[in-house]
Amino acid sequence: MATFKEFRNNVKPNWCPGCGDFSVQAAIQRAAANVGLEPEGLAVISGIGCSGRISGYVNAYGLHGIHGRALPIAQGVKLANRDLTVIASGGDGDGFAIGMGHTVHAIRRNIDITYIVMDNQIYGLTKGQTSPRSAEGFKTKSTPEGSIESTLSPLEIAISAGATFIAQSFSSDLKQLTSLIEAGLNHKGFSLINVFSPCVTFNKVNTYDWFKENIVNLDQFPDYDPTNRIAAMNKIMETNGMLTGLIYHNKERKSYENMISGFGAEGLANQDLSLSQEQFSKL
Ligand code: SF4
Ligand code: MG
């Protein structure tokens, strides 16, 4: 069985010292080893952005795609080779701006992919512009008077789009992040894992200290039930999207590749879809 070191390669990341993305990379490598993967059984597909470089830093199959298109590529990879474990990865600009259409439809499609977003609430690669995750009033070169757009909540969108697995973590909490990625890899369907991953160079507002002060860890709520969709939506809204932990998990819904004929014994083609007289009369 591969150790986490076997998921390392010789490429030195060129992220800025202190960037949160280093820990996300370490968590992916640890989680891959912990769930018993081998490097040849994993593909990491990324989009464009500082975080998108991650596909080159993990010893696995990888493809560094184009801006906002990690998910279409990852879905193609998964459907072409269902034996591969597929991680898609990128930043908040990549996944929640140009790529948002793909994100919503990959969520509702429920293909068995783990999507890890490194959310630093800014565009880092292009030297600091406002992203959909930036707060109202956030000042950057693109919003010198402060952002006048509302902040996008990917967790609320994911719940309403029919997500089957939603988690959120913080790059500084390597233990929690690793265990959530493990849970995402083990989930048979689409997993969204949003990770607060500070950009130390361009975001001087959402710093490590800011996240530590504002994060609400779900461990504080021992009665929280992550299988309750309405409770998940309420908790996301109550905490203004700052909660961390396993937020929602639906193990019942089948993954996309297990629903289409030709892709396995559980395909729709093998199910009796005819309505009984009683069901028909209720339509
Ligand atoms: Fe990380 Fe920001 Fe540097 Fe990009 S610019 S590598 S996001 S710290
Ligand atoms: Mg970003």
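This is a short tour of a predicted model, one selection at a time.

Stop 1: Select residues 48–195. UniProt, in an unreviewed entry, places the feature "domain: Thiamine pyrophosphate enzyme TPP-binding" here. Colour this stretch by secondary structure. Residues 48–195 are 32% helix and 19% strand.

**Stop 2: helices α1 and α6.** Select residues 21–34 for α1 and residues 174–186 for α6. The two helices pack at an angle of about 50°, and their axes are 8 Å apart. That angle is why α1 counts as oblique to α6. Their crossing is right-handed.

Show the side chains where they meet. From α1, take Ser23, Ala26, Ala27, Ile28, Arg30, Ala31 and Asn34. From α6, take Leu174, Leu177, Thr178, Ile181, Glu182 and Leu185. Colour this contact by class: 8 residues are nonpolar, 3 are polar and 2 are charged.

**Stop 3: helices α2 and α4.** Move to residues 70–80 for α2 and residues 100–109 for α4. Here the packing angle is about 35°, with the axes 8 Å apart. Leu71, Pro72 and Gln75 in α2 meet His102, Thr103 and Ala106 in α4. This contact has 3 nonpolar residues, 3 polar ones and no charged ones.

**Stop 4: ligand 1.** Centre the view on ligand 1. Which residues are around ligand 1? Select Trp15, Cys16, Cys19, Asp21, Cys50, Asn120, Gly124, Leu125, Cys199, Val200, Thr201 and Phe202. This shell divides into 8 nonpolar residues, 3 polar and 1 charged.

Methods:
Residues numbered from 1 in each chain as written. Chains lettered and ligands numbered in written order. Predicted model: local features only at pLDDT ≥ 70, side-chain atom pairs only at ≥ 80, totals over all residues. UniProt positions renumbered as here; feature names shortened; annotations may be inferred. Helix = DSSP H or I, 4+ residues; strand = E, 2+ residues; numbered from the N terminus. Axes fitted to C-alpha atoms, helices over the stretch in contact; angles between N-to-C directions. Parallel < 35°, antiparallel > 145°, perpendicular 65-115°, else oblique. Left-handed = near helix turned anticlockwise from the far one by under 90°. Contact = placed C-beta atoms within 7 Å. Nonpolar A, V, L, I, M, F, W, Y, C, P; charged D, E, K, R; others polar. Near = placed C-beta within 6 Å.
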